[in-house]
Amino acid sequence: MMKIKKIGIDLGTTYSFAGFLHGDRVMPLIPSRETYGIPSVFYYDGINRIVGRMAERRALNNPQNAVWSVKRNLSRKDFLVGGRRFTPKEIIREIIAYIVSCAEQQLTNVYLEEYDEIEAVITVPVDFTEPMKNLIREAGEQTRTANGKPLRITGILEEPVAAAMEYFGVRKEQDADIVVFDLGGGTFDAAIVRAHAQGTIPYEVIDQEGDRSLGGDDWDRLICDRIIEQYQRKFGEKPARQMESQFLIEARKIKEELTELESVDVDIPVKGSYITFTMSRKEFELMSRPLLDRALQKIRMLLSRQPDTEINHVILTGGSSYMPQIMNGLRQSGIFGQETDFLFIEPEHAIAYGAARYAVTRVCAEDMLIQPEKMVIRRSAHAYGIEYHFEDQGRDLVRIIIPRGVKLPYSGTVDSYTRVKNQRCSVFDVYEADCAESEEAVKTEEAHQIMQVEMNRKEIIVPIGTRTSETLTLSSDGLLSIKSIDHNSGIEVNNSVSIQRFMEE
């Protein structure tokens, strides 16, 4: 019988982590030398492709050969690295491959596990678009394990939901509503997750919010900008790219030191000399307050949509949540009641650990993935629809087919009609939106296009007013698919479609 090992992967902006369920505990699957996790840094010098700690070290002296924070730049066409252009998917694939290779070494050498194949659940931010999630899935599926077999991706899971799975897995809590506050290196996510004592499925996502352009990197950047200002005052010039990369790393260290110290005073070596940089925690928190306010506003939006939900605990996760201003800001915001508990749960590791717990609920039979979930009811973080012409309004609008917040999996079908005789080709533009659940149609400028589907009828006679049906399906992993059917002369015809996915500009 084939032995399959199921793992969870937190593909982080700054650090990545992996784990697997060993008995009732999740165990780490990264080398012991990686303190926080595997640095999500890709390095290429024209010969060698390197990921992780070694890539981070080499990048200090040759930043033109490295890519940091690729997860925040998935919409870019490519990156020029070491004289060659790499797409975001290629870089993500290299990072996942390295994570998996480290996981295999730990499974074999540390835990003495035997297996034939590896299956993985990979986590993503709540606010990731469908093309972004699909890019990560495809990059994972292109990864090969040590025995040459492809890595099987059995799930894509939202990061705060994964953290909730770890919390409930450890605490065994029942009949509780929690808010997960997940501030990572590059993204911010929040979710309300409920534990059902008597439910056939024990956990349910009530609602979720996210900001994929808000994370610890932004706090680092504020400190780095101050260092650059001081450098320019002393030397009268802008720092070179290599030096700016060094300053950014120094800024991250200063941020981490300010977590424990009231002030930091360091000498930063430059040009055979140094600049003395001083910053107090009070100064740091004052200049970064707008960033914290962005996160708190997302929490307010989340809770305003669920006014009858009584929150028992706020769970802080993500490495950047360690900053004292985060806990203090949540306590002082007035968003939660005085009886609400604020708890840390494995900030660097909870997401990977929750993904590992979720992974064991997935069942594979031969080559077919059986979708029914055993652990958590999930919901759509976005709304999805197709652009149609509305005759009564004389303009094109996006007709919402999958509302925001519906339980997954979910399918919706709408009908449309040809407007000209023998319309051989119908083009359906699919959009993703963040509109309210009750809205039936939105302006195209209030959404963004993620797919284009062409129906080619070839030599079929197509009268004016021929009905077609378009079905959008959002899987339990939040991945979108579309099917279009032509109803001509009472005959149902399934047409092949070619799908082109669009990334945000």
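Trainee: Which loop holds Pro 409?

Mentor: Heads-up: this is a predicted model, where local features need pLDDT of at least 70, side-chain atom pairs count only at pLDDT 80 or more, and totals for chains, interfaces and linings use all residues. Residues are numbered from 1 along each chain as its sequence is written, and side-chain values use heavy atoms, leaving out hydrogens and water. Helices (H or I, at least four residues) and strands (E, at least two) are DSSP runs, numbered from the N terminus. Pro 409 sits in the loop between β23 (395–402) and β24 (410–417).

Trainee: Is the peptide bond from Leu 408 to Pro 409 cis or trans?

Mentor: Most peptide bonds are trans. Omega is near 0° for the bond from Leu 408 to Pro 409, though, and that bond is cis.

Trainee: What is phi for Leu 112?

Mentor: Leu 112 lies in the loop between α2 and β10 (117–124). Most residues other than glycine have a negative phi. Leu 112 isn't a glycine, yet its phi is positive, near 55°.

Trainee: Which are the edge strands of the open sheet with six strands?

Mentor: Read across, the order is β18-β17-β12-β13-β14-β21, with mixed pairing. Two strands count as paired if DSSP finds at least two bridges between them. The ones pairing on one side only are the edge strands, β18 (341–344) and β21 (376–377).

Trainee: What is the bridge partner of Glu 204 in β21?

Mentor: Strands of a sheet pair through backbone hydrogen bonds, either parallel or antiparallel. Strand β14 (residues 203–211) runs parallel to β21, and two bridges join them. Across in β21, Glu 204 has as its partner Ile 377.

Trainee: And in the sheet with the order β6-β5-β7, how many bridges join β5 to β6?

Mentor: This open sheet of three strands has antiparallel pairing, with β6 (49–51) and β7 (66–67) at its edges. Phe 42 has Val 51 as its bridge partner in β6. Between β5 (residues 42–44) and β6, the bridges come to three.

Trainee: How many charged residues are in the contact of α2 with α3?

Mentor: Helix α2 (residues 88–109) packs on α3 (residues 130–141) at about 50°, with axes 8 Å apart; axes are lines fitted to C-alpha atoms, for helices over the stretch in contact, and angles run from 0 to 180 degrees between N-to-C directions. Contact means heavy atoms within 4.5 Å, and the residues that meet include Ile 92 and Arg 93 in α2 and Leu 135 and Glu 138 in α3. Ala, Val, Leu, Ile, Met, Phe, Trp, Tyr, Cys and Pro count as nonpolar, Asp, Glu, Lys and Arg as charged, and the others, Gly among them, as polar. By those classes there are six nonpolar residues, one polar, and, for charged, three.

Trainee: Why does the pair α5 and α6 get called oblique, and at what angle do the axes cross?

Mentor: Helices α5 (residues 216–235) and α6 (residues 241–257) have axes that come within 8 Å and cross at roughly 120°.

Trainee: What radius of gyration does the protein chain have?

Mentor: The chain has ten helices and 31 strands, and its C-alpha atoms fill a box of roughly 80 × 55 × 55 Å along the principal axes. The radius is taken over C-alpha atoms, and the globule rule is 2.2 Å times the number of residues to the power 0.38. For 505 residues a compact globule would come out near 23 Å, which agrees with the chain's 25 Å.
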